[in-house]
Amino acid sequence: LYGKDLTLKYQPQVDLQQNRITGFEALLRWDCPSVGAISPSRFIPVAEETGLIFPLGEWVLETACAQAVAWQKAGMPPLRMAVNISARQFARPDFIDMVERILKETGLDPGCLEIELTESTVMEHIQEAIATLTDLKVRNINLAIDDFGTGFSSLVYLKNFPFDRIKIAQEFVRDISLDPGDKAIIEAIIAMSRTLNLHIIAEGVEKLEQLTFLKAQKCHEVQGYYFGKPAPAAMISKAFATGALT
């Protein structure tokens with residue numbers, strides 16, 4: 001099933017100041033022969049409930065890390081590879097061991113890996129989360145909090161987490177041009193992150209007006225359809241080889 005119906009696609013993350021790709025997010029996709037594409041919002045919760053998330057999550061991490069190494073060997077610069085980690089994966093006692101093993105087996109520099117976690121994942125068991133995140137950080141692995149603004153995290157706790165990057169949820173980016181409330185939320189998140197010395201990346205950028213607003217707010221990075229849809233690894237390799245990807 002892995003690599004056939006279940007595959008990884010990669011979406012570029014773009015630095016707005018340098019105007020270049022700085023990383024990719026690995027996104028799991030399921031294209032079922034009988035019913036077509038199935039949304040991750042449907043199959044990930046089932047995988048979580050049944051425990052299939054453990055082998056599936058390990059396969060995703062290993063495949064993404066191996067792909068990052070393959071791209072480097074093909075001549076691409078050492079870009080960051082962001083991988084989403086589920087709450088159940090993160091809570092496993094052997095999670096750190098699994099990450100270390102995969103990095104060793106694939107040969108990926110830990111500094112090229114970014115682990116993404118949702119607010120709810122880290123807020124569920126705060127002290128345990130801080131300990132695990134610190135273990136990852138001392139190994140030079142990048143850490144990002146995903147979908148920021150959609151959960152209920154306390155800013156008091158946020159400063160205690162060793163995150164490198166905050167990802168503004170696309171729910172706020174989508175209606176920037178229409179909703180003053182979304183604008184205000186994004187402005188507040190960026191200002192807070194700057195105070196805490198955290199990097200900011202906005203998700204779901206699809207339109208020029210969204211990009212213009214984020215640039216004006218000095219958002220560090222963006223990702224979304226405006227710059228590229230999630231694509232198979234082979235397509236990204238081809239784009240790099242032809243000079244279409246920089």
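Me: Which residues does V99 touch, not counting residues up to four places away in sequence?

Reply: In this predicted model, V99 touches L61, L113, I115, L136 and I141. V99 also belongs to the largest nonpolar core, which has 76 residues, and is listed with L113 and I115 as having the most contacts inside that core. Helix α2 (residues 53-73) supplies the largest share of this core, 11 residues.

Me: Why is the aromatic pair of W30 and F43 called edge-to-face?

Reply: The planes of W30 and F43 stand at 80 degrees, and an angle over 60 counts as edge-to-face. The centres are 5.5 Å apart, and rings pair if their centres lie within 6.5 Å. Therefore both parts of the description hold.

Me: What makes this pair a link between parts of the chain?

Reply: W30 lies in strand β2 (residues 20-32) and F43 in helix α1 (residues 40-50), so the pair ties together parts that are 13 residues apart in sequence.

Me: Why is F43 called buried, and why is W30 called partly exposed?

Reply: Buried means under 20% relative accessible area and exposed means over 50%. F43 has 7%, and is therefore buried. W30 has 24%, which lies in between, so W30 is partly exposed.

Me: How do you know that the charged end of R92 sits over the ring of F54?

Reply: The charged end of R92 is 4.5 Å from the centre of the F54 ring. The distance cut-off is 6 Å, and the charge must also be within 35 degrees of the ring normal. R92 is therefore counted as sitting over F54.

Definitions and conventions: Residues are numbered from 1 along each chain as its sequence is written. This is a predicted model: local features need pLDDT of at least 70, side-chain atom pairs count only at pLDDT 80 or more; totals for chains, interfaces and linings use all residues. Side-chain values use heavy atoms; hydrogens and water are left out. A nonpolar core is a set of buried Ala, Val, Leu, Ile, Met, Phe, Trp, Tyr and Cys residues joined through side-chain atoms within 4.5 Å. Buried means under 20% relative accessible area, exposed over 50%, partly exposed in between (1.4 Å probe, protein chains only). Helices (H or I, at least four residues) and strands (E, at least two) are DSSP runs, numbered from the N terminus. Contact means heavy atoms within 4.5 Å. Rings of Phe, Tyr and Trp (its six-membered ring) pair if their centres lie within 6.5 Å; planes under 30 degrees apart count as stacked, over 60 as edge-to-face and the rest as tilted.
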